[in-house]
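Hi,

Here is the structure I promised to pass on to you. My notes follow below it.

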Amino acid sequence: MSGDPAKFVVKAKNRGFEGLDQDKEGAWQGPFCFIQAADCQYGMIDDWEEKASQGWEREIQLTREAITVANRMEPKPKFFVMCGDLVNAFPGEAKREEQERSFLEEFAKIDPSIPLVCVCGNHDLGNTPTRDTVQDFRDKFGDDYFSFWAGGVRFLVLNSQYYEDPSLVMELKKKQDTWLDKELAAAQSSGCKHLVVIQHIPWFLKDGEEEDDYFNINRDVRIPMLDKLHKAGVQYIFCGHYHRNAGGDYKGMQLIVTSALGCPLGEAKSGLRVVKVTEEAITHQYYAVKDIPHKVEL
């Protein structure tokens, strides 16, 4: 597989995703699967181990192994979503552009028939994002929030940094709020089989009422948002950020936190989640890279 960053095509634009629109994907077509990964975060492994000479060859190798299996998977995944922290270097830091180039080179190797959905994380925009860092992400990877259809299921991708620290981008945060309200209202009458949210930072790790933590969203923001999503009929929320597997239930709404494709911080090894979608439910299982199945039973 050869990779060329110039071959990376931005498809998330105008708050939608090219090829995953209602006309093409709005109707139920039978069970399907998709791949959810998070925090490939090129450069974190060496940084975490405090190596004198820091690179990201191990993240590249993990990516290559994962993409090789994804490209051969049967049935073909409907899409491959990377839930934020594409690279480790924050905006403006040394090696940022090199890490981004490597990401674009490697993920350009995904089979063109498997759309790559990029979600923004805190390392992508900065812990306190600015208009410039948001625009830079949009230019390179696509919109920071948008919606799409896949097999009759409606997906809403959120920029979780607007809930974490919007202090320098309040206008952008308000635009996402307005957009989300309209999307949730439209989804309720859309006839979608399931309504799914995808974001980087999880609302919570285990319990919706848990205390504030670096890895979750503060309760004063979290609870009203969870109630809004639940009321609108959201059934599943897929997240990353924690570098460990976690998750829980909030009023019957399932939140899934997926460990890192790059540098894991818990017991799970570097890997990803294979998600199976049927008319009745969405089920999922996390696999270490070496254990990713070539065939998925739906």
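Helices H8 and H9 are roughly parallel to each other (angles under 35 degrees count as roughly parallel). H8 (residues 170-187) and H9 (residues 219-231) pack at an angle of about 30 degrees, and their axes lie 10 Å apart. Helices here are DSSP runs of H or I with at least four residues, numbered from the N terminus; axes are lines fitted to C-alpha atoms over the stretch in contact, with angles running from 0 to 180 degrees between N-to-C directions. On the H8 side, Leu180, Asp181 and Leu184 meet Met225, Lys228 and Leu229 of H9 (contact means heavy atoms within 4.5 Å).

This is a predicted model, where local features need pLDDT of at least 70 and side-chain atom pairs pLDDT 80 or more, while totals for chains, interfaces and linings use all residues. Residues are numbered from 1 along each chain as its sequence is written, and side-chain values use heavy atoms, without hydrogens or water.

H8 also holds glutamate 183, which is buried at 14% relative accessible area (buried means under 20%, with a 1.4 Å probe and protein chains only). Beyond its neighbours within four places in sequence, glutamate 183 is in contact with Ser147, Arg154 and Leu156.

And the cysteines? A search of the whole structure finds zero disulfides (pairs of cysteine sulfur atoms within 2.5 Å). For cysteine 120, the nearest cysteine sulfur belongs to cysteine 118, 10 Å away. Cysteine 120 is buried, with a relative accessible area of 0%.

Happy browsing!

Key:
Buried < 20%, exposed > 50% of the residue type's maximum accessible area, 1.4 Å probe, protein only. Helix = DSSP H or I, 4+ residues; strand = E, 2+ residues; numbered from the N terminus. Parallel < 35°, antiparallel > 145°, perpendicular 65-115°, else oblique.
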